[in-house]
Amino acid sequence: MHTIMRLAIVALAVFALSLPNSVEAQSRETPYWASISAGQARMRTGPGRNFPISWLYQRAGLPVQVVEVYENWRKIEDPEGTQGWMLVNLLSADRTGMIVGDIRPLRESPRPDARIRYRAEPGVVGRISSCRRGWCEFDVRGRTGFVETSHLYGVSDDERVDE
């Protein structure tokens with residue numbers, strides 16, 4: 001019986017460790033940044049399944065800003081400025097960003113005169129690992145570089161991000 005009890009406790013602990021990424025970011029003070037975690041995520045006109053679907057997102061990793069909280073629902077704003085409600089379990093604390101404006105250089109170091117590693121088109125989404133003094137380290141499927149925060153949706157200009 002003790003073995004079964006220990007296994008149950010271990011299983012519960014493993015389950016609890018798998019939750020923080022979506023739950024941790026969702027209990028912060030608004031507004032805050034999050035990303036869509038699901039391959040398909042429905043935005044609704046209100047905080048409940050009885051409200052009509054206003055948009056279907058099919059892009060996991062898309063950065064969004066959470067602007068309001070109601071129970072298990074989060075009112076989000078997407079990169080286009082569209083607002084609506086999404087279930088909290090469809091969002092993640094993972095910090096992502098999206099290139100905005102024109103084609104942007106991703107540089108070897110966080111300096112405007114640093115060598116360009118590659119260029120990213122508007123709409124490219126990547127993972128933000130750190131941001132300081134107006135620059136973020138940006139990873140697009142293993143290709144990393146530094147981009148100015150003003151060229152990203154998903155981080156505030158003066159924000160510091162440490163991962």
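Modeller: Let us start with a definition: a salt bridge is a side-chain nitrogen of Lys or Arg within 4 Å of a carboxyl oxygen of Asp or Glu. Please keep in mind throughout that this is a predicted model.

Biologist: Why is the pair of R95 and E159 called a salt bridge?

Modeller: The closest N and O atoms of R95 and E159 are 2.8 Å apart, and because the cut-off is 4 Å, the pair counts as a salt bridge. The two partners come from distant parts of the chain, 64 residues apart, with R95 in the loop between β7 (91-92) and β8 (96-99) and E159 in the loop between β14 (152-153) and β15 (161-162).

Biologist: How do you know whether R95 is buried or exposed?

Modeller: Its relative accessible area is 11%, and since buried means under 20%, R95 is buried.

Biologist: What makes D113 and R111 a salt bridge, and why do the two residues receive separate accessibility labels?

Modeller: Their side chains meet at 3.1 Å, N to O, which is within 4 Å, so the term applies.

Biologist: Which residues are linked in a network of salt bridges?

Modeller: The network links R132, R160 and D162. Within it, the closest N and O atoms of R160 and D162 are 3.0 Å apart, so this pair also meets the 4 Å cut-off. A search of the whole structure finds 6 salt bridges.

Biologist: How do you know that C131 and C136 form a disulfide?

Modeller: Their sulfur atoms are 1.9 Å apart, and because a disulfide requires sulfur atoms within 2.5 Å, the pair qualifies. With 105° about the S-S bond, the link is right-handed, and both C131 and C136 are buried. The search of the whole structure finds 1 disulfide.

Biologist: What makes a group of residues in this model a nonpolar core?

Modeller: Buried residues of the listed kinds, Ile, Ala, Tyr, Met and Leu among them, must be joined through side-chain atoms within 4.5 Å. The largest such core has 21 residues, and I36, A41, Y57, I76, M86 and L91 touch the most other members. Two or more residues each come from β1 (32-36), β2 (41-44), β4 (63-70), β5 (73-77) and β6 (83-87), and β1 gives the largest share, 4 residues. A second, separate core of 13 residues includes I128, C136, L152 and V155.

Biologist: Which residues does Y57 touch, leaving aside those up to four places away in sequence?

Modeller: Y57 touches I36, G39, Q40, A41, M43, L62, D78, T82 and M86.

Biologist: What do the totals say about the protein chain as a whole?

Modeller: The protein chain has 2 helices and 15 strands, and 39% of its 163 residues count as buried. Among contacts with a separation of 6 or more, 55% are between residues 24 or more positions apart. The chain exposes about 9,800 Å², with carbon and sulfur atoms supplying 52% of it.

How values were computed: Residues numbered from 1 in each chain as written. Predicted model: local features only at pLDDT ≥ 70, side-chain atom pairs only at ≥ 80, totals over all residues. Heavy atoms only, no water. Buried < 20%, exposed > 50% of the residue type's maximum accessible area, 1.4 Å probe, protein only. Contact = heavy atoms within 4.5 Å. Areas by Shrake-Rupley, 256 points an atom, 1.4 Å probe, with all protein chains shown as cover.
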